[in-house]
Amino acid sequence: MHLRRSIDATTPLPHKVEREKIVLAALPELSLQIVEFAREHGRITMGDAIRLTDGKRNTLKQHFRVLVERGHLAQHGAGRGVWYEFASSSDVPRSSQQEEQGGRCWTTSSVSEAG
């Protein structure tokens, strides 16, 4: 029984990686750039995102908000000192995991309206 648990614990990894690829592929390009930067550098700030994307602050704020809500990023701090950290797939809130398992992609209408 103990051996079975060890095997079960290692098998979902390829599934998690594939699921993460599918979820990230559904992101708008601007959001994808933000998430990739956070993953590569460990964190991202609004200033980093502005330099990276040449996006407008209000547009980027909406992308950050959606990324935090969907569990792709974790927000630290507040106001001008806020920074965001890449959230691994194990940190994704349960509601987002359920959406992914249901095969539904989240809409970007709230993000698209801003730019």
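Read from one end of the sequence to the other, the protein follows the pattern α-α-α-α-α-β-β-α-α, which amounts to seven helices and two strands. The model is a predicted one, and the points below are grouped by topic.

**Overall make-up**

- The protein has 115 residues, and 33% of them count as buried.
- The accessible surface of the protein comes to about 7500 Å², and carbon and sulfur atoms account for 52% of that area.
- When contacts between residues at least 6 apart in sequence are considered, 50% of them join residues that are at least 24 apart.

**Helix H4 and its buried face**

- Four residues of H4, namely Met46, Asp48, Ala49 and Thr53, are buried.
- Viewed down the axis of H4, these buried residues fall within an arc of 155°, and they therefore line one face of the helix.
- The partners against which the buried residues of H4 pack are helix H3 (29-41) and H5.
- After H4 comes Asp54, a residue with a positive phi, near 60°.

**The second largest pocket**

- The second largest pocket has a volume of about 160 Å³, and the elements that contribute two or more residues to its lining are helix H4 (46-53) and helix H5 (57-69).
- The lining of this pocket is made up of Thr45, Met46, Gly47, Arg57, Lys61, Gly79, Arg80 and Val82.
- Sorted by class, the lining of the second largest pocket holds two nonpolar, three polar and three charged residues.
- Met46 has a place in both topics, being one of the buried residues of H4 and also one of the residues that line the second largest pocket.

**Ser31 in helix H3**

- Ser31 belongs to helix H3, and H3 is one of the helices against which the buried residues of H4 pack.
- The relative accessibility of Ser31 is 1%, and Ser31 therefore counts as buried, given that the cut-off for this class is under 20% relative accessible area.
- Once neighbours within four places in sequence are left aside, Ser31 is in contact with His63 and Leu67; the range of helix H5 is 57-69, which places both of these residues within H5.

Definitions and conventions: Residues numbered from 1 in each chain as written. Predicted model: local features only at pLDDT ≥ 70, side-chain atom pairs only at ≥ 80, totals over all residues. Heavy atoms only, no water. Buried < 20%, exposed > 50% of the residue type's maximum accessible area, 1.4 Å probe, protein only. Contact = heavy atoms within 4.5 Å. Areas by Shrake-Rupley, 256 points an atom, 1.4 Å probe, with all protein chains shown as cover. 1 Å grid on protein atoms, 1.4 Å probe; cavity = no way out; pocket = protein on both sides within 12 Å on 5 of 7 lines; lining within 4 Å. Points joined across faces, edges and corners; volume = space filled by probe spheres on them. Nonpolar A, V, L, I, M, F, W, Y, C, P; charged D, E, K, R; others polar. Arc of directions from axis to C-beta.
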